[in-house]
Amino acid sequence: ARSPADVVEIRPMQNVRAVKTFPKKLMEILSKQDVTEYITWLPHGRSFKILNQEGFMSEIYPRFFKTTHYKSFQRQLNLWDFKRITKGADRGAYYHQLFLRGMPNLVKRMVLDKEKDKGGVRPSPNPSDEPDFYALAEKRPLPKFIPDKSPLPMKVCYTELPPSEKKVYY
């Protein structure tokens, strides 16, 4: 007979990345119904486009990120290896091979390229190498977009508290 001391409980590993990465937050933003006038998936679901840059940065972005500068958003896209489409109907949209509509689990495999943060020369875009997502969507369609109807989070205020209001925990 087994005694309770012989029983060992094995628990599954917790998600090591408890903090939401930029791609996870971006996927969350794109899943919301209330954002489609600012940012949206393109019909094939393999890229997204900013439709209203000013509105996106003032109304949507601050609800998920500290900064409100579009250059910072572009820098994050670059560090996470998103590519920008430079020709055709999707011109100005961004894509990444692991950032696909309806497939949020792929985002976990995305890697931050810390070397890009050190500066250097970025390769110039080559329009002839850009994928045809519409042809690809016919062969391998992605799940349809089902918007998340839950409300957007409140805008986050990151102002510093005065010293008299700061709490110290020991």
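1. Tyrosine 61 is buried, at 1% relative accessible area. Buried here means under 20% relative accessible area, exposed over 50%, and partly exposed in between, with a 1.4 Å probe and protein chains only. Phenylalanine 65 also counts as buried, at 9% relative accessibility.

2. Some ground rules. This is a predicted model, in which local features need pLDDT of at least 70 and side-chain atom pairs count only at pLDDT 80 or more, while totals for chains, interfaces and linings use all residues. Residues are numbered from 1 along each chain as its sequence is written, and side-chain values use heavy atoms, without hydrogens or water.

3. The count of aromatic pairs is 13. Rings of Phe, Tyr and Trp (its six-membered ring) pair if their centres lie within 6.5 Å; planes under 30 degrees apart are stacked, over 60 edge-to-face, the rest tilted. Tyrosine 61 and phenylalanine 65 are stacked, because their ring centres are 4.4 Å apart and their planes at 25 degrees.

4. A second pair is edge-to-face: phenylalanine 82 and phenylalanine 99, at 5.1 Å centre to centre and 75 degrees between the planes. Phenylalanine 82 sits in the loop between H3 and strand S3 (83-84), and phenylalanine 99 in the loop between strand S4 (94-95) and helix H4 (133-139), so the pair ties together parts 17 residues apart in sequence. Both residues are buried. Helices (H or I, at least four residues) and strands (E, at least two) are DSSP runs, numbered from the N terminus.

5. Helix H1 (residues 22-31) is largely enclosed by the rest of the structure, because seven of its ten residues are buried. These are Phe22, Pro23, Lys24, Leu26, Met27, Ile29 and Leu30. Their cover includes strand S1 (39-41), strand S2 (48-50), H2 and H3. Contact means heavy atoms within 4.5 Å.

6. Arginine 63 lies in the loop between helix H2 (53-60) and helix H3 (70-79). Polar atoms of the arginine 63 side chain do lie 2.7 Å from the backbone oxygen of glutamate 59 and 2.9 Å from the backbone oxygen of proline 153.

7. Leucine 79, in helix H3, is buried at 7% relative accessible area. Its C-alpha is 8.8 Å from that of valine 111, 32 residues apart along the chain.

How values were computed: A polar contact is a pair of N or O atoms within 3.5 Å; within protein, one must be able to donate a hydrogen and the other to accept it, and residues adjacent in sequence count only if both atoms are side-chain atoms.
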